[in-house]
Amino acid sequence: MSASPLLAPTRNSAVAIMFAALSLVWGASFLFMKVAVGAFDPAQVALGRVILGSVTLATIMALTRRRWPREGRLWVHMIVVAVFFCLLPFLLFAWAAQSLPSGLSAILNATTPLWTTLVAVVVLPSERMTARRLVGVIIGAIGVAIVMGVWDVVSSAEFAASLPAQLACLGATASYGIALGWMRRFITGTHTHDSVTIASTQMAVAGVLALALLPVIGLSPVAWAPAPVLALVALGCLGTGIVYVWNTRVVTEWGAVGASTVTYVIPVVGVALGIIVLGERFTLNELIGAFIVIGGVLLVQRSR
């Protein structure tokens, strides 16, 4: 069955529009997380967004009368993607959101293409580490160090306090890199399903895993308030639901590394919303480091 115009538009310009929409929605996701942890604990934010996203995509599957995949192999690979593209990074980012400015989380999220490149070299036969790529990865790492302000590692108590949260963000982006490489290696091009079905399958697996984890780590008391609830709904239904359809389409058309470059724009959106909505402070080293990170990623991309 053909996809609806909204969820599966034609190629070329439509894929670019999806890419831009991903940047905007996922950039705003760091603001949503920051607001949501005001009432929910990190596990509830992470599991809640997965459950809401899976329900949203399952509803789309039902309304458009699509059939779920029957290939057992595909479902097995989706377990890996669900863990590394949903559950693990969502838990890490939500935990970091308790103490880290949303703009800084968005900047660190821009390291995703660097991790994706490293993973692609290992799992994708067509990829190899060229000299330009290696230089790009090194430049990106230097940019991350500048963003983090590593020169304060000894003298600043503030740095020591924020270091675990920053490392959690980097762990989340490394997890994204593993998932994107896995999707490209074992899922893309191995089936006849459209992006709606694949994204829905991924989130259905993640939703089942989230429901299994909920009684274990997600039952702490909740301080109900309208803003955090609305933020979690937006984070789940939009940022973890509909846009995953677009992301799957971009991965299919542009490849794992190309799709990961959505993180070029995410820091701009995340930082802007953090400053405008939350009144967050943006330091000079974060600005310089962000440009260096993006420069390193661009160098990696030009070598493809």
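Reader: Is Leu-163 buried, partly exposed or exposed?

Author: Buried means under 20% relative accessible area, exposed over 50% and partly exposed in between, with a 1.4 Å probe and protein chains only. Leu-163 is found in helix 7 (residues 157-186), where helices (H or I, at least four residues) and strands (E, at least two) are DSSP runs numbered from the N terminus. Because its relative accessibility is 26%, Leu-163 counts as partly exposed.

Reader: What kind of model is this, and how are residues numbered?

Author: This is a predicted model, in which local features need pLDDT of at least 70 and side-chain atom pairs count only at pLDDT 80 or more, while totals for chains, interfaces and linings use all residues. Side-chain values use heavy atoms, with hydrogens and water left out, and residues are numbered along each chain as its sequence is written, from 1.

Reader: Leaving aside neighbours within four places in sequence, which residues is Val-45 in contact with?

Author: Contact means heavy atoms within 4.5 Å. Once the neighbours within four places in sequence are left aside, the residues in contact with Val-45 are Met-33, Ala-36, Val-37, Phe-40, Ala-94, Leu-232 and Leu-235.

Reader: Why is helix 4 described as largely enclosed by the rest of the structure?

Author: The buried residues of helix 4 include Ser-102, Gly-103 and Leu-108. Helix 4 (residues 102-109) is largely enclosed because the buried residues number 8 of the 8.

Reader: Which class of angle describes helix 1 relative to helix 4?

Author: Axes are lines fitted to C-alpha atoms, for helices over the stretch in contact, and angles run from 0 to 180 degrees between N-to-C directions. The axes of helix 1 (residues 13-36) and helix 4 come within 9 Å and cross at roughly 135 degrees. Angles under 35 degrees count as roughly parallel, over 145 as roughly antiparallel, 65 to 115 as roughly perpendicular and the rest as oblique, so helix 1 is to helix 4 oblique.

Reader: Which residues of helix 4 make the contact with helix 1?

Author: From helix 1, the contact is made by Phe-30, Leu-31 and Lys-34. From helix 4, it is made by Ser-102, Ser-105, Ala-106 and Asn-109.

Reader: Is Glu-127 buried or exposed?

Author: The place of Glu-127 is in the loop between helix 5 (112-123) and helix 6 (131-148), and its C-alpha atom is separated by 8.5 Å from that of Thr-117, 10 residues apart along the chain. Because its relative accessible area is 14%, Glu-127 is buried.

Reader: Is Arg-65 buried or exposed?

Author: Arg-65 is found in the loop between helix 2 (42-63) and helix 3, and its phi is near 55 degrees, a positive value in a residue other than glycine. With a relative accessible area of 71%, Arg-65 is exposed.

Reader: What distance separates the C-alpha atoms of Leu-298 and Ala-106?

Author: Leu-298 is placed in helix 11 (residues 284-302) and, at 41% relative accessibility, counts as partly exposed. Leu-298 and Ala-106 are 192 residues apart along the chain, and the separation of their C-alpha atoms is 17 Å.
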